[in-house]
Amino acid sequence: MADRHSTGRRVPVLIVGGSLSGLSAALFLAAKGVECLLVEQRPGTSVHPRARLVTARSMELFRSVGIESEVRAAGDPGPIGFVVVDTLADEHYVPTGNHHDETLDISPTGMRLCDQQQLEPLVLERARELGAEVSFGTRFEGLTQDADGVTATLSEADGDGTATWTVRCDYLLAADGIRSPVREALGIGRHGPGPLGRSVSAIFDADLEPVLKGRRAMAVIVKQAGAFLFARGNSESRMWQLGFPLFEGIDASPEGLRERTRELVRVAAADPGLDVTVHSAMAWESAALVADRFRSGRVFLVGDSAHAMPPAGGFGGNTGVQDGHNLAWKLAAVLSGSAGEALLDTYDAERRPVADFTVEETLARIGQSSAESRATVQLGYGYPSLLATVPPDGSAEESGEAALTQDPHRPTGRPGTRAAHLVLECEDGRRISSLDLFGEGFVLLTGAQGDAWDSARVPLDEREPGVSVHRIVGPGERTTAKGPVYLDVDGAFASSYAIGPRGAVLVRPDGFIGWRTAADGPGARERLSAAALGLMGHAPVGPSR
């Protein structure tokens, strides 16, 4: 057996499950320099398209680890959204909702369509490039945990039978799907409506061009077929997917599902003699459930193990990607000794309400009654729990009663919200997004007259995290800053972050605002230090003013 099968091996983080959520968690951990091992029982990445939409937030995260351009090249620009037809032969296709990507003016990336079987290999390659170890064909058998770590039992079939061994880790991430053996072993319950029904997803080839007549049909509701048609792949390598409900009485055998697919495709194309080749047809069950807690000791639930949601809106896989990103920097900080163990409690406090909200949004979309825009679900969610560690400065926004979401087109700069995207011009003339400043550590953004904050580069407390200070200067403003200075091209910094020219905003490594103050003044540096310590799980933060 290979050395990796040696019982007693120890790694800082073990990830169980190698679909999009688990692979993304491995990528974000590796980007932080955390040694991690991912095990997946399947032989490789997904062979079925599954998830299609990569939201603007997920695209921003992939940008931060260097694969934005690869995702763009593998995917398709759209259009995004459904059209409704009786059959594909209809003269007019009726769009439903807004097909415009409303995140393009508030994000440096916007959304992208990229099938999961194309996206996962890109995430895998980059994760391995950065040092993550990924082992396919490896099955999780069980775990025990104590105060010092987790022992996981793994197995793998080989020529002589089945090899079994154990791995010891400091923390374990369960990204093992909706039925999650890890979650079940921990006895973590779930809440929500539960199963919503069974459906079929089929991949096929057929010459639809004669009926499409050059029209781009990315997502179509075909009423006569009672089915959904999706264009998969991209313009260079197109394939088609058909989705339809699996009603009682339908032959659910592999050949029965293939035959049903052929019948429905012919109905959809209004061509009874159409040649249809079905490559795969699989039944699956939709559900709406959220785990009652996302942490049990040293084990964390990520992705579908933490939240199952129907595909409406395309938010499920993206929510899992964002789980891993939220957790990765916290694990890195705790493992390095720079953060207190209490920081890990914020994972459940922050991500579980987002999961509840997102599930509600997918259900509302099924009923055509969503109260939130697609942009708000992608970029407007926040972490109101952060306000519990930021004493109010007297404003209603920071009273601790803030809503979970905000309109991302009207950012407030409130602690707990995503730091808004600004177009910045560097001193050498290059233009970047303000989001490109985030990710390595804590970042302090200051106004043109924020000289007092230059001292933040030197910690006041040995436990205080290092802080990068960046001066943002609006058109026509002057500054005496000696450090990095960026021109706020659109003059939106002050309004987007709600501070004055002497104020400052502290942004966490995940791009969420942890603390802000409208101006400097007596004790300002001490307040910042207390804030940074509190945000790292060391102590309550000082008052925000």
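A residue is called buried when its relative accessible area is under 20%. Keep that cut-off in mind. The model on screen is predicted.

**Stop 1: Ser305**

Select Ser305. It sits in the loop between β17 (299-301) and β18. Is Ser305 buried or exposed? Its relative accessibility is 0%, so Ser305 counts as buried. Now display the side chain. A polar atom of the Ser305 side chain lies 2.6 Å from the backbone oxygen of Ala174. Show the surroundings too, leaving aside neighbours within four places in sequence. Ser305 is in contact with Ala174, Ala175, Asp176, Gly177, Ile178, Ser180, Arg183 and Ala291.

**Stop 2: His307**

Go on to His307. This residue is found in strand β18 (residues 307-308). His307 has 0% relative accessibility, so it counts as buried. Which side chain makes a polar contact with His307? Look for Asp323: the two side chains are joined by a polar contact of 2.6 Å. Not counting residues up to four places away in sequence, His307 touches Leu289, Val290, Phe294, Gly316, Thr319, Gly320, Asp323 and Ala355.

**Stop 3: Leu289**

One of the residues touching His307 is Leu289. Select Leu289 next. It lies in strand β15 (residues 277-291). Its relative accessibility is 13%, so Leu289 counts as buried. Beyond four places in sequence, Leu289 touches Arg190, His191, Gly192, Gly194, Ala306, His307 and Ala308. Leu289 and Ile178 are 111 residues apart in sequence. Their C-alpha atoms are 9.0 Å apart in space.

**Stop 4: helices α1 and α8**

Colour α1 (residues 20-31). Then colour helix α8 (residues 316-336). Two packed helices are described by the angle between their axes and the distance between the axes. The axes of α1 and α8 come within 8 Å and cross at roughly 30°. Angles under 35 degrees count as roughly parallel. That makes α1 roughly parallel to α8. Their crossing is right-handed.

Show the side chains where they meet. On the α1 side are Leu20, Ser21, Ser24, Ala25, Phe28 and Leu29. On the α8 side are Gly317, Gly320, Val321, Gly324, His325, Ala328 and Leu331. How many of the residues in this contact are nonpolar, polar or charged? The contact has 7 nonpolar, 6 polar and no charged residues.

**Stop 5: helices α1 and α4**

α1 passes α4 in a left-handed crossing. From α1, the contact uses Leu20, Leu23, Ser24, Ala26, Leu27 and Ala30. From α4, it uses Gln116, Leu119, Glu120, Val123, Leu124, Arg126 and Ala127. By class, the residues of this contact divide into 9 nonpolar, 2 polar and 2 charged.

**Stop 6: Pro49**

Gln116 of α4 takes part in the contact with α1. Gln116 is also among the residues that Pro49 touches. Select Pro49. It lies in the loop between β2 (36-40) and β3 (53-54). Pro49 is buried, with a relative accessible area of 1%. Setting aside residues up to four places away in sequence, Pro49 touches Asp115, Gln116, Gln117, Ile203, Arg232 and Met239. Now pick out Ala202. Pro49 and Ala202 are 153 residues apart along the chain. Their C-alpha atoms are separated by 9.7 Å.

**Stop 7: helix α2**

Select helix α2 (residues 56-64). How many of its 9 residues are buried? The count is 7, so α2 is largely enclosed by the rest of the structure. Those buried residues are Ala56, Arg57, Ser58, Met59, Glu60, Leu61 and Phe62. Just after α2, stop at Gly66. Gly66 takes a positive phi of about 90°.

**Stop 8**

Lys213 has phi near 55°, a positive value in a residue other than glycine. Find it in the loop between α6 (209-212) and β12 (219-222). Lys213 is exposed, with a relative accessible area of 65%.

Finish at Ala498, in the loop between α11 (493-497) and β24 (504-507). Phi of Ala498 is also positive, near 55°. At 39% relative accessibility, Ala498 counts as partly exposed.

Notes. Residues numbered from 1 in each chain as written. Predicted model: local features only at pLDDT ≥ 70, side-chain atom pairs only at ≥ 80, totals over all residues. Heavy atoms only, no water. Axes fitted to C-alpha atoms, helices over the stretch in contact; angles between N-to-C directions. Helix = DSSP H or I, 4+ residues; strand = E, 2+ residues; numbered from the N terminus. Left-handed = near helix turned anticlockwise from the far one by under 90°. Contact = heavy atoms within 4.5 Å. Nonpolar A, V, L, I, M, F, W, Y, C, P; charged D, E, K, R; others polar. Buried < 20%, exposed > 50% of the residue type's maximum accessible area, 1.4 Å probe, protein only. Polar contact = N/O pair within 3.5 Å; in protein donor to acceptor, adjacent residues only side chain to side chain. Parallel < 35°, antiparallel > 145°, perpendicular 65-115°, else oblique.
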